[in-house]
Amino acid sequence: MTTASSADHPTRRDFLFVATGAAAAVGGAAALWPFISQMNPDASTIAAGAPIEVDLSPVAEGQDIKVFWRGKPIYISHRTKKQIDEARAVNVASLPDPQTDEARVKSGHEQWLVVIGICTHLGCIPIAHEGNYDGFFCPCHGSQYDSSGRIRQGPAPANLPVPPYQFVSDTKIQIG
Ligand code: FES
């Protein structure tokens, strides 16, 4: 009876093992992204919509990071000169959702692109640094976004949205 009872009701020790395993799994996933130091409100406040600050100093040129704001993935790309030049050389009138690169980044901080990483077709999460335009590729139905996050090819009808954000210093932004 005792054996059956403990199998049905995991002991505190069992719980600790489970909790340790879960923490290790989360730690492993987090290690896939560059470590970003943030001084932010607690998780419930952020989930409710509080602004978040992101330190950009660890993000090398050519690298992208992903953070979460209001439960949405936000891509922050430290663009190379080549990516910026490509984005600005495009005939804007030829784009499905015409918008200049200048209108999608902050003046004086052109190397930084900040976009909501949700495909405007049916909501998949595009992959950074993939596709034909040195930007983002959505694996669900093949939409391709350029290095300014603008839709260039595929079924998505609109550019990746730019969330509200501002630079609070040369190396730190506040999103929201
Ligand atoms: S959801 Fe991205 S192409 Fe369909």
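# Questions about a predicted fold

User: Is Tyr-75 buried or exposed, and what is its relative accessible area?
Analyst: The cut-offs decide this: buried means under 20% relative accessible area, exposed over 50%, and partly exposed in between (1.4 Å probe, protein chains only). Tyr-75 counts as buried because its relative accessible area is 4%.

User: What kind of model is this, and what do its side-chain values leave out?
Analyst: This is a predicted model, where local features need pLDDT of at least 70, side-chain atom pairs count only at pLDDT 80 or more, and totals for chains, interfaces and linings use all residues. Residues are numbered from 1 along each chain as its sequence is written, and side-chain values use heavy atoms, leaving out hydrogens and water.

User: How many helices and strands does the protein have?
Analyst: Elements come from DSSP runs numbered from the N terminus: helices are H or I with at least four residues, strands are E with at least two. Walk along from the N terminus and you read α-α-α-β-β-β-α-β-β-β-β-β-β-β. The totals are 4 helices and 10 strands.

User: Which ring does Tyr-75 pair with?
Analyst: Rings of Phe, Tyr and Trp (its six-membered ring) pair if their centres lie within 6.5 Å; planes under 30 degrees apart are stacked, over 60 edge-to-face, and the rest tilted. There are 2 aromatic pairs by this rule. In one of them, 5.2 Å from centre to centre with 45° between the planes, the tilted partner of Tyr-75 is Phe-136.

User: Which residues have the most contacts inside the largest nonpolar core?
Analyst: A nonpolar core is a set of buried Ala, Val, Leu, Ile, Met, Phe, Trp, Tyr and Cys residues joined through side-chain atoms within 4.5 Å. The largest one here has 16 residues. Strands 1 (52–55), 2 (64–69), 3, 4 (112–116), 9 (165–169) and 10 (172–175) each give two or more residues to this core. Those with the most contacts inside it are Val-54, Leu-56, Val-67, Ile-74, Ile-76, Ile-173 and Ile-175.

User: Which two cysteines form the disulfide?
Analyst: A disulfide is a pair of cysteine sulfur atoms within 2.5 Å. That rule gives a count of 1. At 1.9 Å between the sulfur atoms, the pair is Cys-124 and Cys-140.

User: Where do those cysteines sit, and how many residues apart are the parts they tie together?
Analyst: Both are partly exposed, with relative accessible areas of 22% for Cys-124 and 37% for Cys-140. The S-S torsion is about -95°, so this disulfide is left-handed. Cys-124 is in the loop between strand 4 and strand 5, and Cys-140 is in the loop between strand 6 and strand 7, so the parts tied together are apart in sequence by 16 residues.

User: What does the side chain of Gln-144 reach, and at what distance?
Analyst: Gln-144 sits in strand 7 (residues 144–145) and is buried, at 7% relative accessible area. Contact means heavy atoms within 4.5 Å, and, leaving out residues up to four places away in sequence, Gln-144 touches residues including Gly-131, Tyr-133, Phe-137 and Arg-152. Its side chain reaches the backbone nitrogen of Asn-132, at a distance of 2.5 Å.

User: What is the phi of His-129, and where does this residue sit?
Analyst: Most residues other than glycine have a negative phi. His-129 has a positive one, near 60°, without being a glycine. You'll find this residue in strand 5 (residues 127–130).

User: Where is Asp-134, which has a positive phi of about 60° too?
Analyst: Asp-134 isn't a glycine either. Asp-134 is partly exposed, with 23% relative accessible area. Its place is the loop between strand 5 and strand 6 (135–137).

User: Which ring does Lys-106 lie over?
Analyst: A charge sits over a ring if NZ of Lys or CZ of Arg is within 6 Å of the ring centre and within 35 degrees of the ring normal. Lys-106 is 4.6 Å from the ring centre, over the face of Tyr-165.

Definitions and conventions. A polar contact is a pair of N or O atoms within 3.5 Å; within protein, one must be able to donate a hydrogen and the other to accept it, and residues adjacent in sequence count only if both atoms are side-chain atoms.
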